[in-house]
Every structure is written in structure tokens, then in C-alpha cells.
Amino acid sequence: KGAGSLGERAGERLILVVMAPKRKAAPEGAATEERRLGPVLREGEECFGVAHIYASFNDTFIHVTDLSGRETMVRRTGGMEVKSDRDESSPYAAMMAAQKVADRLKELGVTAIHVRLRATGGSRTKTPGPGAQSAMRALARSGLKIGRIEDCTPIPTDGTRKKGGRRGRRL
């Protein structure tokens with residue numbers, strides 16, 4: 001009835017963790033190979049992406065995909081750039097998010113974008129939020145070429161009743 005072996009003391013088990021060996025640094029004389037992301041383009045050729053900008057009155061999303069929309073390249077929101085909740089949809093937050101998106105796109109080799117702008121839509125407002133305009137301006141000023149600008153706000157062809165009642169919202 002003693003303490004037992006080293007591994008099993010009163011119901012305890014000893015777990016041995018083995019870590020991978022440290023990586024060895026490359027010798028100083030070795031040539032460093034520059035890694036480049038994105039496609040290889042010829043002179044005068046553009047690599048396009050699609051910037052899906054969703055601007056509501058609470059936040060602004062900038063989501064860049066490839067042309068099919070299946071592969072995400074980068075996604076930023078206004079809420080990722082500012083601390084307070086009330087500033088998430090502000091033009092400043094949208095501009096900062098768009099600048100970070102543009103920097104990442106340049107790393108990936110994307111040189112031009114198509115813009116798809118979306119407001120909340122449906123039975124709610126069809127007007128884009130305050131961050132839409134500044135996000136598009138920031139993307140254009142960062143050196144990315146703008147192909148097409150399309151409004152893809154969902155518009156109901158007949159749906160549920162709008163919020164607010166018969167006489168609307170009374171202030």
C-alpha cells in the first residue's frame with residue numbers, strides 16, 4: 001500500500017510531452033528565394049477579384065473573393081478597426097478596413113476589382129449605410145482598378161409586412 005511507482009501516485013498519471021526539434025536557420029551565404037502569392041501575369045494583364053461591400057447602419061463588411069465568389073481572399077469589417085460599437089458603421093472605420101483589404105490584395109497579386117454593393121434590403125431599408133461610399137473611395141485611391149460597380153441589394157417582389165405597424169414609427 002505504498003505510493004506506487006513514479007507514474008502512478010494515488011491515481012495520478014504522468015504524461016510525457018515530446019516537442020518537435022527546433023528549425024535550423026539557413027546559412028548566411030544561401031540565396032533566399034522570394035515567395036510571391038497570386039498568378040503570374042503578362043505585361044498589361046489584370047488579375048480581377050470581386051469586392052462584396054455590405055453597408056448597413058450598424059457595420060460595414062468588405063469581403064473580396066475570386067470571380068466565381070467561391071474562394072475568399074480577404075475579409076474585413078468596420079468593427080475590426082474601431083473599438084466602440086457606435087463607430088463600426090462610420091466612414092472612418094470603413095476606410096481603414098478598405099485600406100487593409102487593398103494592402104492584402106496587392107500582396108496576393110490582385111490588380112483590379114469589380115464592386116458589388118449591398119444594403120440591408122428586403123423589408124428593411126434599401127439605402128446603403130454611411131460606410132459604403134468611403135469604402136469604395138478608399139479601394140479606388142489605393143491603386144486598384146475598378147471594373148464594374150453593381151448594386152445587389154435584395155428587393156422584395158412581395159414579402160412580409162414591414163416593421164412599424166399601420167401608422168409607422170412615431171417619433
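**View 1. Helix α1 meets helix α2.** The axes of α1 (residues 91-108) and α2 (residues 131-141) come within 8 Å and cross at roughly 30 degrees. That makes the two helices roughly parallel, a label for angles under 35 degrees. Axes here are lines fitted to C-alpha atoms, for helices over the stretch in contact, and angles run from 0 to 180 degrees between N-to-C directions. Helices (H or I, at least four residues) and strands (E, at least two) are DSSP runs, numbered from the N terminus. This is a predicted model, where local features need pLDDT of at least 70, side-chain atom pairs count only at pLDDT 80 or more, and totals for chains, interfaces and linings use all residues. Residues are numbered from 1 along each chain as its sequence is written, and side-chain values use heavy atoms, leaving out hydrogens and water.

**View 2. Who touches whom between the helices?** From α1 come Pro91, Ala94, Met95, Ala98, Val101 and Ala102, and they meet Gly131, Ser134, Ala135, Ala138 and Leu139 of α2. Contact means heavy atoms within 4.5 Å.

**View 3. The open sheet.** Its 5 strands sit in the order β3-β2-β1-β4-β5, with mixed pairing; two strands pair if DSSP finds at least two bridges between them. At the edges are β3 (72-77) and β5 (145-151), each pairing on one side only. From one strand to the next, the twist averages 15 degrees.

**View 4. Strands β1 and β4, with a helix packed on the sheet.** β1 (residues 48-55) and β4 (residues 112-118) run parallel, joined by 7 bridges. Look for Tyr54 opposite Arg118 in β4. Helix α1 packs on the sheet, touching β2 (60-65), β3 and β4.

Notes. Angles under 35 degrees count as roughly parallel, over 145 as roughly antiparallel, 65 to 115 as roughly perpendicular and the rest as oblique.
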